[in-house]
Amino acid sequence: MLGTGDSLLEVGGLTSHYGRIQALKGLDLAVREGELVALVGANGAGKTTLLRTLSGVQPASGGRVTFAGEDITHERADRRVKRGIVQVPEGRQVFGPLSVEDNLRLGGYTRPRAESDAGLERVYAMFPALKERRRQAAGTLSGGQQQMLAMGRALMAKPRLLLLDEPSMGLAPRLVEEIFATVRSLKQAHTTIFLVDQNARAALSVADRGYVLETGRIVLAGTGSELLGNELVKAAYLGL
Amino acid sequence: MSAQLAQYLLTGLTVGAIYALVALGFAIIYNASHVINFAQGEFVMIGGMATVSLANAGLPLLVAIPVAVLTAAAVGVALAKFAVEPARGASVVTLIIITIGASILLRGLATLVWDKKLHALQPFSGDQPIAIAGATILPQSLWVLGVTLAIVLLLGWFFGRTLTGKAMLATSHNPLAAQLCGVNVRFVLLLSFGLSASLGAIAGILIAPITLTSWDVGVMLGLKGFAAAILGGLGSGTGAVVGGLLLGIAESLGAGYVSSAYKDAIAFVIILAVLFFKPSGLFGKKSAERV
């Protein structure tokens with residue numbers, strides 16, 4: 001099932017360490033063009049570490065990451081963004097003192113200026129609340145608006161692969177739904193997405209395929225519905 | 001306003017503008033790396049000394065000054081690349097000690113490249129004092145004030161209007177998110193050292209015709225600039241400028257009305273007072289953050 005040549009992202013035997021602690025213990029996974037792949041796992045399983053390693057802000061200690069056929073295992077973070085690997089980090093991480101519009105423009109840092117104007121319009125059309133507040137400091141937005149801003153900022157970079165780290169964390173249920181609706185519409189627009197979320201049910205429901213991560217290893221893989229029906233997943237992550 | 005007071009204020013503003021430039025250098029590097037660069041004063045020295053030696057070699061000021069500024073910028077970038085960057089991940093205290101070491105090294109090199117004598121630089125446009133409101137001002141002071149104003153406006157434009165400037169601000173606020181936006185934070189670090197070094201060098205060149213320059217001129221100017229940065233609030237651009245001007249005026253008034261023997265003490269009394277009563281400084285970061 002995995003490792004076919006048409007994968008946009010291919011990860012083989014990936015390991016990563018924090019000092020002497022090994023956080024990723026040899027991961028294999030793949031994401032094909034246009035796919036929405038979800039990764040579920042408990043706190044501390046290594047989900048965020050995996051995304052940080054894919055973005056290049058956490059070094060890989062072994063294994064291989066291939067993007068669009070090219071080895072990027074040790075490439076610098078900013079070069080990966082230029083390639084189109086763009087992450088919406090956990091906890092939103094907006095630039096608090098800067099305006100909403102500046103945050104978005106910085107999202108388009110790697111793109112030509114003319115493209116950034118068009119990108120702004122697209123993001124504002126998607127999140128009208130951001131347009132109303134475009135001169136406001138990003139730090140004054142509500143949690144939900146900050147999440148939209150973080151997603152908008154990532155979309156400004158024209159992602160070929162969008163990495164979403166816990167987009168629904170800490171949000172009210174109505175906002176969680178809104179975020180997942182956005183994820184669904186991005187998928188319909190053929191954006192390739194790798195989604196990590198605590199909300200395993202919601203994540204696996206929108207996903208084409210999914211992986212289960214436990215203590216730095218992939219322990220299960222399958223389509224979204226297969227995993228939703230899996231007894232182990234039900235017991236561990238769906239609270240059934 | 002008495003002529004005497006006007007004189008003190010003009011003198012204070014001139015020196016204050018120099019402190020402001022040095023303080024801006026502290027702020028820019030602090031924002032990019034949270035390092036307090038105690039080699040900042042040495043950039044001031046390099047600017048002045050390099051200009052003097054190039055001018056003595058027969059180059060016109062119009063050539064000597066840009067070359068001196070670029071030299072200082074190159075030293076700044078080299079400091080970032082070879083001393084600060086390899087220590088990335090070390091504690092801030094370690095990085096600060098590295099900059100102190102660098103400042104000692106640079107002073108030593110200056111005594112080898114140049115000498116240990118005092119040097120004068122010719123004023124840019126004569127030394128005929130101009131009378132204003134009963135006080136007099138040197139044409140060089142007008143250069144100091146004018147160039148400082150131009151630099152402040154230029155920096156305001158750079159950080160407020162250009163994407164590169166905003167990327168530097170973004171990096172200072174959240175380096176991780178900046179990286180995820182595709183900002184090369186390593187480049188930001190080098191740029192901030194180059195920029196700060198240039199500002200320091202310009203300060204050193206502007207003040208050289210008024211106060212003379214020498215291999216160790218950076219020690220006191222660096223400390224005064226640091227005091228100004230603390231007074232204004234470390235990391236704040238507005239704070240650096242206001243802090244510099246206030247410090248210059250306080251010094252000048254203190255020297256005039258109290259005793260010139262205490263001139264240098266005033267800066268340090270101000271540092272102590274700020275750290276006791278308002279450690280964040282006048283314009284210390286107000287955070288607009290919702291969790």
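User: How many residues line the second largest pocket, and which lie nearest its centre?

Analyst: In this predicted model, 18 residues line the second largest pocket. Nearest its centre lie Ala32(B), Ser33(B), Arg88(B), Pro175(B) and Leu189(B).

User: Which elements give two or more residues to that lining?

Analyst: Four helices of chain B do: H1 (3–33), H6 (163–173), H7 (175–180) and H8 (185–211). The largest share comes from H1(B), with 3 residues.

User: What is the volume of the second largest pocket?

Analyst: The volume is about 350 Å³.

User: And what's the lining like by class?

Analyst: The lining of this pocket has 9 nonpolar, 7 polar and 2 charged residues.

User: Moving to the surface. Which residues form the nonpolar patch there?

Analyst: The patch on chain B is formed by Leu59(B), Leu62(B), Val63(B) and Val67(B). Together they have about 350 Å² of accessible area.

User: Take Leu62(B). Where does that one lie?

Analyst: Leu62(B) lies in helix H3 of chain B, which spans residues 61–84.

User: Why does Leu62(B) count as exposed?

Analyst: Leu62(B) counts as exposed because its relative accessibility is 76%, and the cut-off for exposed is over 50%.

User: Now chain A. Where does Arg20(A) lie?

Analyst: Arg20(A) is in the loop between strand E1 (7–18) and strand E2 (21–32) of chain A.

User: Is Arg20(A) buried or exposed?

Analyst: Arg20(A) is exposed, and its relative accessible area is 84%.

User: What separates the C-alpha atoms of Arg20(A) and Leu238(A)?

Analyst: A distance of 32 Å separates those C-alpha atoms, and the two residues are 218 residues apart along the chain.

User: Give me one. What does Arg32(A) form a salt bridge with?

Analyst: The partner of Arg32(A) is Glu35(A), and the closest N and O atoms are 3.3 Å apart.

User: How do they sit, buried or exposed?

Analyst: Arg32(A) is partly exposed, at 22% relative accessible area. Glu35(A) is buried, at 9%. The cut-off matters here, because buried means under 20%.

User: What about Arg83(A), which residue does it form a salt bridge with?

Analyst: Arg83(A) forms a salt bridge with Glu70(A), and 3.3 Å lies between the closest N and O atoms. Arg83(A) is in helix H2 (residues 77–83) and Glu70(A) in strand E5 (residues 70–71) of chain A, so the pair ties together parts 13 residues apart in sequence. Arg83(A) is partly exposed at 24% relative accessible area, and Glu70(A) is partly exposed at 43%.

User: Which helices hold Lys131(A) and Glu121(A)?

Analyst: These residues form a salt bridge too, with the closest N and O atoms 3.9 Å apart. Lys131(A) lies in helix H5 (residues 128–132) and Glu121(A) in helix H4 (residues 113–126) of chain A, so this pair ties together parts 10 residues apart in sequence. Lys131(A) counts as partly exposed at 36% relative accessibility, and Glu121(A) is partly exposed at 44%.

User: Last one. Which residues are linked in a network of salt bridges?

Analyst: The network links Glu101(A), Arg105(A), Asp117(A) and Arg134(A).

Methods:
Residues numbered from 1 in each chain as written. Chains lettered and ligands numbered in written order. Predicted model: local features only at pLDDT ≥ 70, side-chain atom pairs only at ≥ 80, totals over all residues. Heavy atoms only, no water. 1 Å grid on protein atoms, 1.4 Å probe; cavity = no way out; pocket = protein on both sides within 12 Å on 5 of 7 lines; lining within 4 Å. Points joined across faces, edges and corners; volume = space filled by probe spheres on them. Nonpolar A, V, L, I, M, F, W, Y, C, P; charged D, E, K, R; others polar. Patch = residues over 30% accessible without salt bridge, like charges linked within 9 Å, V, L, I, M, F, W, Y side chains within 5 Å. Areas by Shrake-Rupley, 256 points an atom, 1.4 Å probe, with all protein chains shown as cover. Salt bridge = Lys/Arg side-chain N within 4 Å of Asp/Glu carboxyl O. Buried < 20%, exposed > 50% of the residue type's maximum accessible area, 1.4 Å probe, protein only.
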